[in-house]
Amino acid sequence: MSLLEVSDLRKHFPIRTGVLKRTTGWVYAVDGVSFDVEKGETMGLVGESGGGKSTVGRALLRLTPATGGNVTFEGINVMKASRGEMQKLRSDMQIVFQDPYASLNPRMRVRDIVGEGLVIHDVGTDAERKKRVAELMDIVGLSPEQAERYPHEFSGGQRQRIGIARALALNPKLIILDEPVSALDVSIRAQVLNLLEDLQDEFDLTYVFVSHDLSVVKHISDRVAVMYLGKLVEISDSAVLYDFPQHPYTEALLSAVPIPDPQTERSRKRIMLEGDVPSPADPPKGCVFHPRCPRAQEICTTAMPRHVPTPGADAGERHEVACYFPARFKDGQRFVADEPFRDALPEDQA
Amino acid sequence: MAKWDSVKPERDLYGSNLTETPTVDARRTEEVVEETVETGAKPLGLWADTWRRLKRNKLALVGLGIIIVFLSIGVVETAFYQAHLHIRSSSDTRANSHVAGYLAPYDPNEVNYALSPQGVGSPPSWKHPFGTDFLGRDVLSRVLIATRIAMLVGIIAVAIALTLGLLLGPISGYYGGAIDSVIMRIADIFFAFPYILFVLLIMSVLGQGFQNVFIAIGVLGWASFARIVRGQILSVKSMEYVEAARAQGAGDVRIIFRHVLPNSMAPVYVAVAMAIGGAIVTEAALSYLGIGVQPPESSWGLMIAESVQYLASGNWWWLLFPSLALTTTVFGFISFGNGLRDATDPKLKE
Amino acid sequence: MADHLLDVKDLSTYFFTHAGVVKAVNGVSFTLERNETIGIVGESGSGKTVAAMSLLGLIPDPPGKVVGGTLMLDQRDLRTLSDEEMRAVRGNDIAMIFQDPMTSLNPVMKVGKQVAEAIVLHQKKSNSEARRMAIAALARVGIPDAPRRAEQYPFEFSGGMRQRVMIAMAVSSNPDVLIADEPTTALDVTIQAQIIDVIREMQFEFNSGVILITHDLGVIAEIADKVMVMYGGRTVEYAPIDEIFYNAHHPYTWGLLSSLPRLDASKKVRLTPIEGQPPNLLFLPEGCPFVGRCPHELPQCRGEWPAEETVAPAHGVHCWIPVDQRLALRAELPHFKEPAA
């Protein structure tokens, strides 16, 4: 059993218009997402805006109620957990937010922010809590004396450390990291990424790392799940992602990221995607990527391909893709088959 | 993106490519400049920061000065009033004794026809700097004693309004849905009704007398406070630190009192300053109409009403001095309120 | 070497705040030619945006003021121009693209009209002429179906399309210098690539010089010809593109390069961050602003700002560490990539 199992997770937001606030449509923010996360690993969730990755993070913690699907943490169904079970889950599953400014209450002292979970869950005496906060400050690389200060007295990187300390307070098993370094400067970003890696080793943490930044996700993750318009299109071992992408969207995404190396940049060929990401309120029929896909064929307009494991040792184990025409790798050669990938066909056609 | 207004504020919905990936300097250039300036500044507490900006607003400081002066007069005169009552009730033999206030040079109710030769008062002189009225009462003393009523109305009426607003506004904003609709529709009704007419209506139910003036103005004022608090709460409750608290397992009560309310109050303080000014004007208007403070009690509105009857005889000083006191006080509260708003709103900064 | 398109010498811009003087830009010099792209790299508070706004004369005064230096654009010192002349320069000679295309467009005015207004303002064209030119400009930056799109409002445009509109407005007057301040930071990565392409095309079409301000060394590697690395209001290193990436001499530049997670790394390497926090601009030391975070600090670093040392053609660095020692230190860096043969 995996630590976290997500199956067919869906989150649709109603679009309400008019004076009567009638629901006139739906935004398919997350639409049928399934993946497992093993204990101790880091699952990267990457995609562009409108991809639904942040919504997945929040739905996992039930911070936003999901429309459908199941999330199971250590065998407990998060979607249907009772009040008591949920309290327990809250201490096991934590979250670190993107914005180091908006995620800390400006009117609370850092000690109260970091220690709030301990108070809520009634852990220890005042003195023990104080000691724990000091310990947490130390763990994230801040001095315990700084706990007496208010958030605005800290820089962005330090605030993100405070957010991490808060998430660690209750000894969680899983932490959702929602764009935790996107708002930070390059040099500070590296500090926080290293801290996250150290904490994972030290406390045996499991991470779901949500980010738009492919370089960061690849760096920190063991596996990477690529989202597009509310769907998972590819899950890959991060070690082979750059060299063996199978889904055309992953390929385009990888090729669009500029590499900080002028010689590499001059020799690279860029796959330019035409147009913009369509609206998740009106996703394309068939495969959601087909209007922008350079490999799209007739069949791609009929139904969304199933998300299935792909064969081929080169592409790594546990490699999954939702594409009728995934890139294949054999003996170092890349090729795309003319015939649609049988496993990805809808059940009635396969 | 008007049609998305009703969609919950999710970071990764269509059309928000812009908001998904901000870095620390993902802001407009003016703000970058501001940040450059601000990062240089030693961080101050939120109140210290507000005070620093307020200090630079001369008009607001003048307003604050006016408020302090009139409040002090009000306090001293109230103290005198209590003592005065005591004397009157404790010994009937001294009922006719003339009691000057601590600040007022004469007994404000002392009738002295000698000072009103033709029954139209006497103009300002060294002994009576503001002149005397048709009964020969010292206008300065009356203006001073009336300050007490003005301050009481301002503070008590607004306190009533604020209490109601702070009770209903948060309920409306935090829970939303049907409760919100009901409370806000009632507020709309209060807004839609002509204000003075509404006060008249309430006064006709409660009866005359200045205690009822407080109640009428207070009861009517709740709607604007409730609206302000509700609006604030709507924006604060979607902040990441509120979500973080929920992820820690915090319940509604904790979230409202620890996280939402403390961060929603700044505009309320501003509204309080403004509303006090408004309440004082309303009291004057009611007294002018003859349904507020009753003679021989003194109120600025009442004094203005009395003076107007004699305006033709050219007795400008009865009209001028109470009007001046009224305008100055209201100006004080409003300019201080304006200054406070500018100082607490970082967007209007500098 | 007098005939640069843009020649900035010793630019200093200070902000006089209630708490003290913030030296946002402190003695910065660079040049720009036609068809050349200079990348200004730095983190928040490094002064990169303030430097660009100083060029445009857009420093709010008070509290800011350009306190020193010369800004020569085609033989004219921008600092000596009147406000009115500066306004003409802003529209015609120097144009700027901002980071956030949403807040830079007027939400209640049709897109075509906004572009046309920019044209009328700076080129004295008739309204109908300007309208035609606006549609042409929109088409040129790759907005499909431009005549129809010109009739729409900004909210009907995606982030990438809005940024194209901003570029169309900026280049409508055929500027000599195009300043792009984090033009792609707010955009999705696949859209970023498109926008960078558009900027390149426009530069080629108008022979403009481009100043690209960014924190993203990837974008720099992609389009810059030379790079100025800023820290705490100072230029710490200034060099042609390959020199910055393969022959960097300043410890801050090394720090930036080794802080970056690399998409093309075949195995997982631990990042080497720059320790400490960004400097407080109010309390910058007299000497090098990088002291305190620099792992190789020397006593003299806190004393005086080092003069520029030329280590290769057109490659200047400000650092007190002797050059041979610098090279030895650099050789030990885990991430450092030696120049390709």
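How many residue pairs are in polar contact between chain A and chain C? The count is 17 residue pairs, both residues being at pLDDT 80 or more; a polar contact is a pair of N or O atoms within 3.5 Å, where within protein one must be able to donate a hydrogen and the other to accept it, and residues adjacent in sequence count only if both atoms are side-chain atoms. The model is predicted, with local features requiring pLDDT of at least 70 and side-chain atom pairs pLDDT 80 or more, while totals for chains, interfaces and linings use all residues. Residues are numbered from 1 along each chain as its sequence is written, chains are lettered from A and ligands numbered from 1 in the order in which they are written, and side-chain values use heavy atoms, without hydrogens and water.

**The interface of chain A and chain C**

On the side of chain A that touches chain C, the elements giving two or more residues are α6 (186–203), α7 (214–220), α9 (248–256) and α10 (262–267) of chain A. Helices (H or I, at least four residues) and strands (E, at least two) are DSSP runs, numbered from the N terminus. Helix α6(A) provides the largest share of this side, 10 residues. By class, this side of chain A has 18 nonpolar, 11 polar and 13 charged residues. In this classification, Ala, Val, Leu, Ile, Met, Phe, Trp, Tyr, Cys and Pro are nonpolar, Asp, Glu, Lys and Arg are charged, and the others, Gly among them, are polar.

Contact (heavy atoms within 4.5 Å) involves 42 residues from chain A and 43 residues from chain C. Between them the two chains bury about 4000 Å², with 54% of it on carbon and sulfur atoms.

**Salt bridges**

A salt bridge is a side-chain nitrogen of Lys or Arg within 4 Å of a carboxyl oxygen of Asp or Glu. By this rule there are 43 salt bridges over all chains, and 5 salt bridges cross the interface of chain A and chain C. Several pairs are listed below.

| D198(A) | R270(C) | 3.0 Å |

D176(C) lies in the loop between α6 (159–171) and β7 (177–181) of chain C, and R34(C) in the loop between β2 (20–32) and β3 (37–41) of chain C, so the pair ties together parts that are 142 residues apart in sequence. Buried means under 20% relative accessible area, exposed over 50%, and partly exposed in between (1.4 Å probe, protein chains only). D176(C) is buried at 14%, whereas R34(C) is partly exposed at 40%.

In the pair of D213(A) and R189(A), both residues are buried, D213(A) at 18% relative accessibility and R189(A) at 11%. For the pair of E148(A) and R111(A), the values are 36% for E148(A), which is partly exposed, and 30% for R111(A), also partly exposed. A network of salt bridges links R58(A), D178(A), E240(B) and E243(B).

**Buried sites**

R295(A) is placed in the loop between α10 and β11 (308–309) of chain A and is buried, with a relative accessible area of 15%. The side chain of R295(A) reaches the backbone oxygen of F325(A) at 2.9 Å. Beyond its neighbours within four places in sequence, R295(A) is in contact with several residues, among them Q246(A), E251(A), F325(A) and R334(A).

In chain C, helix α10 (residues 251–259) is mostly covered, with 9 of its 9 residues buried. Among these buried residues are Y252(C), W254(C) and L257(C).

**Cysteines**

How many disulfides does the structure hold over all chains? The count is 0 disulfides, a disulfide being a pair of cysteine sulfur atoms within 2.5 Å. For C287(A), the nearest cysteine sulfur is that of C300(A), 6.1 Å away. C287(A) is buried at 7% relative accessibility. For C319(C), the nearest cysteine sulfur is that of C301(C), 6.3 Å away, and C319(C) is buried, with a relative accessible area of 11%.

Notes:
Buried area = accessible area lost by both parts, 1.4 Å probe.
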